Amino acid sequence: MAEEDSVALGAVQGSSFSVLSWEQVQRLDSLLTESIPIHGRGNFPTLQMKPRQIVKAVRRRMEERELRVRDVRLNGSAASHVLHEHSGLGYKDLDLIFCAELKGEAEFQMVKDIVLDCLLDFLPDGVNKEKITPLTLKFLDTAAFYVCSPECSSAHHAAVLKLLKPYSEKGQAVVLSQKRWSLIKLQHCTTNCTHLRPEAYVQKMVKVCNDSDRWSLISLSNNRGKNVELKFVDSLRRQFEFSVDSFQIKLDSLLLFYECSENPMAKTFHPTIIGESVYGDFNVALEHLRNKVICTRNPEEIRGGGLLKYCHLLVRGFRAASETEMKSLQRYMCSRFFIDFSDINEQQRKLESYLQNHFVGLEDRKYDYLMTLHGVVNESTVCLMGHERRQTLGLIAMLAVRVLAEQNVIPNVANVTCYYQPAPYVADGNFSNYYIAQVQPVFACQQQTYSTWLPCN
């Protein structure tokens, strides 16, 4: 295993750079040439794209628009998978970084327009590409764009189909342009119309622009959680959470090889590809990945403190190098998490979002994850008042109950502690039915007294 993942030329001791071995190059090539479906909302067709293709399309358009790209990198869990495939982490999202100059709002908008324009290249055969533009895919918040089913018989849809009859073959999406919408906007709109917002193929978009960080993220949606995330970075102060996810692989030499070489890659004929650990020492970070060691620097600098990712690593079998280091890490992470997410509603949204994005296909691990998080928060939180701490712990516990309910699992009460507030009729000896309702966070009581919560066992 260690020999397989060793680098071809090795890394200089203490260096943050290293050259990938042939086995690692093969894994990288497989990852970049794998076809990934990008699922559209409503009636928009599924796009099939290879990562190398979307990188080429985006980079070419950026250079045409005179946006200089310094280099393109593979980042995060996918890069860790390339370097060591048996870490137990696997990878979901495919993080691709375009290091570019983003001087102002005009450049951020240009990048967004370029990505949406590139999606047109991947529309399947049979779609009339002349009638679908980047503006169509954009779906601004003007409530002006709809996708209508050709089989709908409502008067509103009939008017739409009459206007667009040449392009409305059965089973295909009919997309209204801004001009066409202005002709029928006063007519009745039924609930059969699918209003799509904000973007047809975009899962999320993020833009950060301040003194230390200038970057944007456009995540292309995949229903199995394998999103293609395009990140455009001018500057980014903190580029990693833990050493095991600090790897970046420079793709430029491999992309050039795809364009120029007439011969396939072989062990004796392949490009030199450089990997970097933004944590610091490449060899040390790779040893952490191989041995499942949790290590970071200055966790208080990470948004959210890295708390959620830390608990995820614990569930995957990773451990801190020492008990003392682990306790110290947990206190810093909890403190930063509650600084960034001080409100119980923010905490709930963050937790639900993390569960949704990081446990696709791993639903059976959600409960273990939440119980691990509950234990860390219970043990290491020193920055909250008593009722705030109980409030957060109650939220985590009830999310765990929700997970069990979704999985239709009846827990073994010897291993699970759940909480309930007994109703008067529970004292009735004939009462034996139960149900699990939609859970809501327990908010702090504003009165002088608090409800009494009893363990069900």
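**Close-up views of a predicted model**

**View 1. Surroundings of Leu 28 in the predicted model.** Leaving aside residues up to four places away in sequence, Leu 28 touches Leu 20, Leu 74, Val 82, Ile 249, Leu 251, Leu 254 and Ile 273. The structure shown here and in the views that follow is a predicted model. Leu 28 belongs to the largest nonpolar core, which has 103 residues. Leu 28, Met 62, Leu 74, Leu 220, Leu 230 and Ile 249 are the residues with the most contacts inside this core. Helix H4, spanning residues 105-119, supplies the largest share of the core, namely eight residues.

**View 2. Strand E4 and its two pairing partners.** Strand E4 comprises residues 69-75 and is mostly covered, with six of its seven residues buried. Strand E5, residues 94-100, runs antiparallel to E4 and is joined to E4 by six bridges. Within this pairing, Val 72 has Phe 98 of E5 as its bridge partner. Strand E12, residues 247-250, also pairs with E4 in the antiparallel sense, over three bridges. Here Arg 73 has Lys 250 of E12 as its bridge partner. In a regular strand, side chains alternate between the two faces of the sheet.

**View 3. Lys 292, between helix H9 and strand E14.** Lys 292 is found in the loop that lies between helix H9 (282-291) and strand E14 (293-294). The phi angle of Lys 292 is near 55 degrees, a positive value in a residue other than glycine. Is Lys 292 buried, partly exposed or exposed? The relative accessible area of Lys 292 is 29%, so this residue counts as partly exposed, a class that lies between the limits of 20% and 50%.

**View 4. Asn 298, between strand E14 and helix H10.** Asn 298 lies in the loop between E14 and helix H10 (307-315). Phi of Asn 298 is near 45 degrees, which is likewise a positive value in a residue other than glycine. Asn 298 counts as partly exposed because its relative accessibility is 38%.

View 5. Asn 291 is found in helix H9. This asparagine has a relative accessibility of 49% and therefore counts as partly exposed, since exposed residues have over 50%. Asn 291 and Arg 319 are separated by 28 residues in sequence, and their C-alpha atoms are 9.1 Å apart in space.

View 6. How many disulfides does the structure hold? The number of disulfides is zero. Cys 118 has a relative accessibility of 0% and so counts as buried. Cys 295, at 13% relative accessibility, counts as buried too, because the limit for this class is under 20%.

**View 7. Confidence along the chain.** The average pLDDT of the chain is 79, and 71% of the residues score at least 70. Over residues 163-198 the pLDDT stays under 50, and the model gives this stretch 80 contacts beyond four places in sequence. Residues 441-457 also have a pLDDT below 50, with 29 contacts in the model beyond near neighbours in sequence. Where pLDDT is low, the predicted coordinates should not be read in detail.

Conventions: Residues are numbered from 1 along each chain as its sequence is written. Side-chain values use heavy atoms; hydrogens and water are left out. Buried means under 20% relative accessible area, exposed over 50%, partly exposed in between (1.4 Å probe, protein chains only). Helices (H or I, at least four residues) and strands (E, at least two) are DSSP runs, numbered from the N terminus. Two strands pair if DSSP finds at least two bridges between them. pLDDT is the predictor's confidence in each residue, from 0 to 100. Contact means heavy atoms within 4.5 Å. A nonpolar core is a set of buried Ala, Val, Leu, Ile, Met, Phe, Trp, Tyr and Cys residues joined through side-chain atoms within 4.5 Å. A disulfide is a pair of cysteine sulfur atoms within 2.5 Å.
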